[in-house]
Amino acid sequence: MIQKKLESFINGYLKANDLEIQNWHISSNKKQGFGDYSSNIALALSKQIGQNPMEIAEKIIASHDKDELLFSVSVTKPGFINFHISDDYYLNILKNILDERTEFGKPAKHTKTANVEFVSSNPTGPLTAGHGRNTILGDMVSSILTWHGYSVTREYYYNNAGKQMRMLAESAYAKYATKIGRDVAAPENGYIGEYLDDIVNQIIERFGENLDPDSIEFRQFTEKKIFDSIKRTLKNLGIEFDLFSEEQRLYENGAIDNVLKKLEELSLSYKKDGATWFKTTSLGKKEDKVLVKSTGEPTYRLPDIAYHIDKVDRGFDLIVDIFGADHIDTYPDVLLGLEALGKKTDHIKVIIHQFVTLKKGNEVVKMSTRKANFITLDDLVEQLGVDVVRYFFIMRGANSHLDFDFDLAKDESEKNPVYYLQYAHARISNLIVRYDKEIKEKVSLDLSLLKEKDELSLIKKLSAFPTKMNELHQSLEPRKLATYLEEVAAAYHKFYGNHKVINLDNIPLSYARKNLCNATQIILKTGLSILGITAPEKM
C-alpha cells in the first residue's frame, strides 16, 4: 500500500519535469538509518540526462510536500533516495487490522473464474509421498485464488484409457489367477503392491472364481476401488475436488479425433513410420513431435490438447495447471497445439514443480508404485499429522528440488517450522486469556504508546500482509506466504521475549500490547488458513 504512494510521489516528479524512464525501482530497505524504502531513481536519471545523481535526488526531495503522516525523505551517497515512513502510518494500519480482522487486505469479491488442475494421478495405486507436492501445491494455489475473489473449480484429470490401465488390469488378473489356483505369470513391469491383493480378494468375494482374463471387472472394479482410496486420502488432507475428468471421455465424445482432423486440415500433421506426427517445425520449433505412436497409442500431447480445448471452451478467466518436472517437455507442445487450433492461451498459467526426495536421516527412501516400495500419503499423515505434511511439501519454492526431512517433520519442538508458527498463535491465545483474568480495568486503546523498536518492527511486518498477498497473487507460490508467516512469528517471539505484555503498573500500555498481540494472531490465523493449516488455541 505505502509503496504505491511512494511510486506515485516519484511519478509525480517525473511527470512535472517531462521525464520518462523505465529502469528504476523502490525496494524495502533493511539497513539501519537508511529508511524503510530506498529508490535508485536519481541514479537512473543521472545516466539518462547526464546530471549529478546527488543533485537530482535533492531536487526530488525538494518537491516533497512534507506530508508527515506518511513519510519523510533523505538522501545518501551516491544518490539513493530514502523514505522514512512515519510511525503514525503504521499505527493506523495496525488499527485497520484490529477493525477488519480476517478481512484485512482482502480484495473485493469479483466475478472472475479460475480452473486449477492438480494431482491428476492415474488410478493405478494409492497416492504416495511422491504425489504429495503436486497435491498440496494445487490445493494451496486454489485457496490463494479463492482468497483473491476468484470462483475456483478444483479439477482432477486422469488417464483411464491408456497402457497403464491395461497393465493394471493384467496385474490384477495375475493375482486373481494365483489366488484361485491358475498358473498365470504376472505381466512384465506389472503392479505387485499389496493394495492389489486386497482388491482381488474383493473381486473373488463379489464376482466368484470363474472370471476370464478379459473380464471387465479387472479393469473397472480395480480402477474404482483405487480411485475410492485416492478420494479418501484427499479428504484426509482436507482437499475436495469440484470435478473429476476422465481421459476416456475424450475418446468417446470424439474430441481426440477432432484434434487429429483439424491438424490434418491445417497441414500440421503427417504420417511417418506408422506414427502420426505434429508438424511443430512449421510453428517455429526445431523438431516435430509424435502425437500417435506406431502402435496406435497416443502420446500425452494429443489427449492433453483435446482436454485443454475443453477447458478453454468452458470460459474460465484463468486456467492453472500444476505439473511435475516430467511434463516440462510436453506442455509447450500442448499450448502450441491450442494456438494452432485458434484457442487462446494467454490465460493459462503452468506451474512446474521439481520432484521430492523423502529422507530419513541420511537415507533416501526410494518409491515405485509398480514395485510396491513406497510410502503413501496416508502413511505420512498418520505419522506426522495433516498440518506438518501440508507445510513440509511447500518448504521450498516449486521450481526447487525438495528434500522432505522426515526426522525434522517428526520433531515437535520449535525447530519444526509448523510448530514454530502454531506455537506463536497458541502463545497469544494463552496470553489473552491471562490478560482477561488478571486485568479487569477498562481503558481506552492508545496505540501511540507502542514506541519500542521491537513493537514497531512487528507492526511493520504485519502491515506488509496486503503487499505480500498481492505478490502471492502474481506468483501463486505458497512458499512465499509461509516465509512471511515465519518472519511474523520471529518478530512476535522477539517482541514477547523483550517486553512485558501484562503489567498491572501500566494498564494502558498493557492494553495496547495486548491489541498488538491480537493483530499478530489475526495475521497468523489468516495466513495459516490460506495454507490449510490449523491455528491451535493451545499446544
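Modeller: A salt bridge here is a side-chain nitrogen of Lys or Arg within 4 Å of a carboxyl oxygen of Asp or Glu. This is a predicted model, where local features need pLDDT of at least 70 and side-chain atom pairs count only at pLDDT 80 or more, while totals for chains, interfaces and linings use all residues. Residues are numbered from 1 along each chain as its sequence is written, and side-chain values use heavy atoms, with hydrogens and water left out.

Colleague: How many salt bridges in the whole structure?

Modeller: The search finds 21.

Colleague: What does lysine 224 pair with?

Modeller: Lysine 224 pairs with aspartate 228, with the closest N and O atoms 2.9 Å apart. Both are in helix H8 (residues 217-236), four residues apart, so about one helical turn separates them. Helices are DSSP runs of H or I with at least four residues, strands are runs of E with at least two, and both are numbered from the N terminus.

Colleague: And aspartate 333, which residue is its partner?

Modeller: Arginine 301, with the closest N and O atoms at 2.7 Å. Aspartate 333 is in helix H12 (residues 331-340) and arginine 301 in helix H11 (residues 301-313), so the pair ties together parts 32 residues apart in sequence.

Colleague: Are those two buried or exposed?

Modeller: Aspartate 333 and arginine 301 are both buried. Buried means under 20% relative accessible area, exposed over 50%, and partly exposed in between (1.4 Å probe, protein chains only).

Colleague: Which residues form a salt-bridge network?

Modeller: Glu155, Arg249, Asp310 and Arg314.
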